[in-house]
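User: I would like to learn how to read individual features in a model of this kind. Could we go through it feature by feature, with the general idea stated before each case?

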Amino acid sequence: MLKKKISGFTLIELLAVIVILAVIMLIATPTVMEVIDDAKKATFKNSAHGIVKSAVYNHSLNIISGKKTGEITYTYNNGVETSEPDGHVLDYSGNKPKNGSVIVNSDGDVKLALHDGTYCAEKAYEDSEITITTKTLEECKRSMEYVDNTGAAIPEFGEGMIPIRWDEKITDEIKWVKADINEEWYDYDKQEWANVVLVNKDNRDDYKIATPGTPINEEHVMAYLVWIPRYRYELFNVNSVGNTEEIEIPIIFEDKNQTKSTGKNEDGDYKNGEWLTHPAFTFGSEELNGFWVGKFETTSKIPDDATTPTIKPGIASLRSQNIRTQFETAQKFNTQSTYGLPLTLDAHMMKNMEWGAVTYLSHSKYGKFGNSIYTGVNKEIYQNKSGSYITGSSNGTPSQSSTNTQQCAYTDIVDRENGIGACGAGASTTGNIYGIYDMSGGAYEYVMGGMYSDETKTKLLQGSAEFTKTELTLTSEDFIGSKYIDKYTYGTSYVDYSRRKLGDATGETRGWYGDFPDFVYSGSPWFARGGSCNDGTNAGAFNFISYNGDLGSVFGFRLAVSGVFPSA
């Protein structure tokens, strides 16, 4: 009897089946994952809609019951919901977001940015729909913040920084109030640069939780700082021809994630008309979206005492320190308990290139040069002619031959509605109270801009700065010049401007407004900027001199803050 042959799959057929199944899986898996992804987004969106409905319902109840209908903020922190100012808890179906916030304004409009660990639910006041996108928590949080129309990077600040704005409605002389970062608190198109304050540790927590509009007590302030957003500028004098006509410097704001503009043509040469990302926004190996600058020359809590430096108006600037002492004094602002700055930030003595970045921004349409209230020679920053070196002072003119004890305070502001300038505000980089003061006159300001000791570029020339030998040697691990000093080629002549760096406001703008130009050289290896109250027409934001770095009663300095900015 013949056995019936049992047929089966050959190895090749089995492999073919496996390949077919694998192909089906490759095709089907993205579809399945997409369905799961869409379901998660829909669930999160439904929860967000429920939150909006509940928030609006609570607002309506407040109106019906006669309660105040001011702004209410609901905050989620690791899944825990809180609200200010009424403490109301929302009632809705679905899971609570992990983090984020919801704001209901006095008109009952709602905006939100909520994060569930993967997705971000966003809605602006004027939006009718909620959008769900994949974002990090930090990206989601920042989507709630106000952005002006210039493209300027959103100010980045740490927990110790309190955003402020000027409130004309307050009757007191000092009208700074806590700003709402979700509303308009800066506008570079109006030459209104973003400002923050650092306050003392005893009052810091109170300001952090205070509602927007809370007045800032001057006695609590340790420092005023101003935001300089990242930008590129159009090269206009790469050959550093002196005494050229002052022009508006073309500037375009940019983001650090954009490809940097090199300023070079196809042949690799710098050329007028090309765009250059300003070098001040590269701090060591780190690219910055911006940095903060002291609104005034550095001052001190106790006159001439550098133990606790401050940055405040209306008092004498801190002077009579050599450059190394100034460098160490600036770093004291990194003390978290005193000033509140996060450890990821880097408070340092202002560099020469950072000075250049501020002056170029001031001489663009976003600074005093672009402020239509000022015309002709008055577009130049007014001088601080205070013979006592009082910060924030102004003589109301861009040039004057001698010191003047009759100074206007920085709080003397412009009347924008009627197009009238002001003595005090004219001394700022914006022509209004939102700018930076004392950059023309006041004290000379040492900056971290030094010169190599010779052509080998192995160390910097000491002069009388009193750094240690290892601190100024490039091969040393202690070398501070890695990111804190702008280093210039060795030279023996103070009129050799070919050694300038593009963007530092020396060669390109040499002789503007008659400001004094004296480049670093072997006899004087350190830069000082701005001129002093005694320099008459030679003082100004484009003034630069060379000096030996020694202490002197006419030399102060300014703070800059860079680094990794966590969310406020």
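User: Which backbone oxygen does the side chain of R558 reach, and at what distance?

Analyst: First, a word on the source: this is a predicted model, in which local features need pLDDT of at least 70 and side-chain atom pairs count only at pLDDT 80 or more, while totals for chains, interfaces and linings use all residues. Residues are numbered from 1 along each chain as its sequence is written, and side-chain values use heavy atoms, with hydrogens and water left out. A polar contact is a pair of N or O atoms within 3.5 Å; within protein, one must be able to donate a hydrogen and the other to accept it, and residues adjacent in sequence count only if both atoms are side-chain atoms. Here the side chain of R558 reaches the backbone oxygen of G294 at 2.9 Å, and it also makes a polar contact with the side chain of E445 at 2.7 Å.

User: Where is R558 placed, and why does R558 count as buried?

Analyst: Helices (H or I, at least four residues) and strands (E, at least two) are DSSP runs, numbered from the N terminus. R558 sits in the loop between β24 (555-556) and β25 (559-563). Buried means under 20% relative accessible area, exposed over 50%, and partly exposed in between, with a 1.4 Å probe and protein chains only. R558 counts as buried because its relative accessibility is 0%.

User: What is the nearest side chain of opposite charge to D515?

Analyst: A salt bridge is a side-chain nitrogen of Lys or Arg within 4 Å of a carboxyl oxygen of Asp or Glu; for charge, Lys and Arg count as positive and Asp and Glu as negative, and His and the chain ends are not counted. D515, in the loop between β21 (486-488) and β22 (526-529), is buried yet has no salt bridge, the nearest side chain of opposite charge being R529 at 7.8 Å. The side chain of D515 does reach the backbone nitrogen of F542, at 3.1 Å.

User: In what order do the strands of the sheet containing β11 run?

Analyst: Two strands pair if DSSP finds at least two bridges between them. Three strands form an open sheet in the order β12-β11-β13, with antiparallel pairing; β12 (251-253) and β13 (275-277) are the edge strands, each pairing on one side only.

Analyst: For angles, axes are lines fitted to C-alpha atoms, for helices over the stretch in contact, and the values run from 0 to 180 degrees between N-to-C directions; contact means heavy atoms within 4.5 Å. Helix α6 (residues 352-362) packs on this sheet, touching β11 and β12, and its direction makes about 65° with that of β11.

User: Why is α6 described as largely enclosed?

Analyst: Eleven of the eleven residues of α6 are buried, so the helix is largely enclosed by the rest of the structure; among them are W355, Y360 and L361.

User: How many residues lie between β1 and β2 in their hairpin?

Analyst: The hairpin of β1 and β2 has two residues between its strands, and N78 in the turn has a positive phi of about 55°. Strand β1 (residues 72-77) pairs with β2 in the antiparallel sense over five bridges. Strand β2 (residues 80-84) has a covered face, E81 and S83, and an uncovered one, V80, T82 and E84.
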